[in-house]
Amino acid sequence: MSQETVFTGKRVLLSSSSEVGPATIHVDAAGKIARIEPEYRAEGADFDAGEKLIMPGIVDGHVHINQPGRTQWEGVVTASHSAAAGGVTTIIDMPLNCIPSTVSVDAYSQKRESFKDGMWVDVGTWGGVVPGNAGDLVPMLEAGARGFKCFLCDSGVDEFPPVDEDQVRAAMAELKKNNGLIMFHAEMETGATVDAAQDPTDYSTFLSSRPPNMEVKAIDLVVKMCREFAPHVPCHIVHLSAADALPAIRAAKAEGLPLTVETCFHYLTISAEDVPARSTEYKCCPPIRGQSNRDKLWEAVLDGTIDFVVSDHSPCTPDLKLHPCCGGRIKEGATEGDFVKAWGGIASVGIGLPLLWTEGQKRGLKFQDIVRLICERTAIHSGLKDRKGKIAVGLDADFVVWAPEEDNRITADKLHFRNKLTPYHERECKGRVHQTIVRGTAVYD
């Protein structure tokens, strides 16, 4: 008989449709869940969580690892270490800002080869859609890519240019052959510009240059393309920020179109009114918007319009943020804290659970909602529902063990990503991760 590892706890949540209760989970030598008993059995258990909550490992479907090519920004070792410390058992890496971008089988293979010895957790890979690579998409799917992301506006890096409607159509025609997923950075130019008379170190100057109608315009195009290729090409909107786009999204879903939507921890936990001057660690695209917008996003999360929540961990070095923190050096002629010129992206992989739980409790969020939003639906989105997202017989034994009631201050020593510049530094939360289990093995304790 193969050796089993036994996990037990007084509070276990197997899925979003179950209740919290005692359970003992038997894991086989391959790291799969062999059987589950609905009772707490401390005697003979290899791991006893006691009163801590055991729930499925988190699947973060939107992480920028930046390897190969920009490992001074991040890397698979630091990104996956940070994930493990936060109960994230699977991360899916975006096709940029690595060099080369993941837009061909060769680039995909280079990335996977570079990852093989550095993963604390399981890591999947998205491919990219750029002008002229439609013929590369099906081969990348066959090589293992989970789906594809494109930009409808400038991406910020030259090696990942945006696509227009005709190029999207060409890509979707190829993806139709395999029911491949296409994801959209949904912003399009509308003529908004930076007001040169305003102070670039004031967040409102940047915010006014990325108005909600940039997202609305892009999402209208996404819905149009989704309808044209339905039901064969599922479409996904990444990092929704503008609540103004929710009516169009709700209408598309009511129509039965294969459209899904994510938002991010930062859009649900920070308001524009909270962003201090010169604090470019808060800059991202699309931007963090006002409190009333945040309230509407929460309504959409709770009513199911928004399917799930991710980190969109998109770090860089402090100098690119024009920030003096963490050894950052401001180049001559640049302005410290210039929101307009600073790199856009928020570092947050591995700290989403306490952020979401702390804010969500104020709005009636339950443990089952947490599992639905950051475990189950992200696993489905990433094509991993037969392995991840729930605690069930036959699935990978991926668990997070955490204390929801425990106070947790986010300090630099708890951040394991490479560059520690984040808007969450010193933030007070509820909920602390104690152990993370990937395929039956503790990767964080």
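Residues are numbered from 1 along each chain as its sequence is written, and side-chain values use heavy atoms, with hydrogens and water left out. Because the model is predicted, local features need pLDDT of at least 70 and side-chain atom pairs count only at pLDDT 80 or more, while totals for chains, interfaces and linings use all residues.

Two strands are taken as paired if DSSP finds at least two bridges between them. An open sheet of 6 strands with parallel pairing has the order β9-β10-β11-β12-β13-β14. Its edge strands are β9 (127-128) and β14 (308-310), each of which pairs on one side only. Between β9 and β10 the pairing is parallel and comprises 2 bridges; Gly 127 has Phe 148 of β10 as its bridge partner. β9, helix α3 (residues 134-143) and β10 form a right-handed β-α-β unit, where right-handed means that, with the strands pointing away from the viewer, the path from the first strand over the helix to the second runs clockwise.

Strand β10 (residues 148-151) runs parallel to β11 (residues 182-185) and is joined to it by 4 bridges. Phe 148 stands opposite Ile 182 in β11. Helix α4 (residues 165-175) packs on the sheet and touches β10, β11 and β12 (235-237), its direction making about 155 degrees with that of β11. Contact here means heavy atoms within 4.5 Å; axes are lines fitted to C-alpha atoms, for helices over the stretch in contact, and angles run from 0 to 180 degrees between N-to-C directions. Buried denotes under 20% relative accessible area, exposed over 50% and partly exposed in between, for a 1.4 Å probe and protein chains only.

Strand β7 (residues 88-93) is joined to β8 by 4 bridges in parallel orientation, and Ile 91 stands opposite Val 123 in β8.

Asp 122 is found in strand β8 (residues 122-125) and counts as buried because its relative accessibility is 12%. The C-alpha atoms of Asp 122 and Thr 90 are separated by 4.6 Å, although the two residues are 32 residues apart along the chain. Not counting residues up to four places away in sequence, Asp 122 touches residues including Ile 91, Arg 387, Asp 396 and Arg 439. The side chains of Asp 122 and Lys 388 are joined by a polar contact of 2.4 Å; a polar contact is a pair of N or O atoms within 3.5 Å, of which, within protein, one must be able to donate a hydrogen and the other to accept it, and residues adjacent in sequence count only if both atoms are side-chain atoms.

Ser 382 lies in the loop between α11 (367-381) and β15 (399-409). Its relative accessible area of 1% makes Ser 382 buried. A polar atom of the Ser 382 side chain lies 2.9 Å from the backbone oxygen of Thr 378. Leaving aside neighbours within four places in sequence, Ser 382 is in contact with Val 59, Gly 61, Ile 92, Trp 126 and Arg 146.

A nonpolar core is a set of buried Ala, Val, Leu, Ile, Met, Phe, Trp, Tyr and Cys residues joined through side-chain atoms within 4.5 Å. The largest has 100 residues, and Met 55 and Ile 374 have the most contacts inside it. Helix α6 (residues 212-229) gives the most to this core, with 8 residues. In helix α10 (residues 352-361), 9 of the 10 residues are buried, so this helix is largely enclosed by the rest of the structure.
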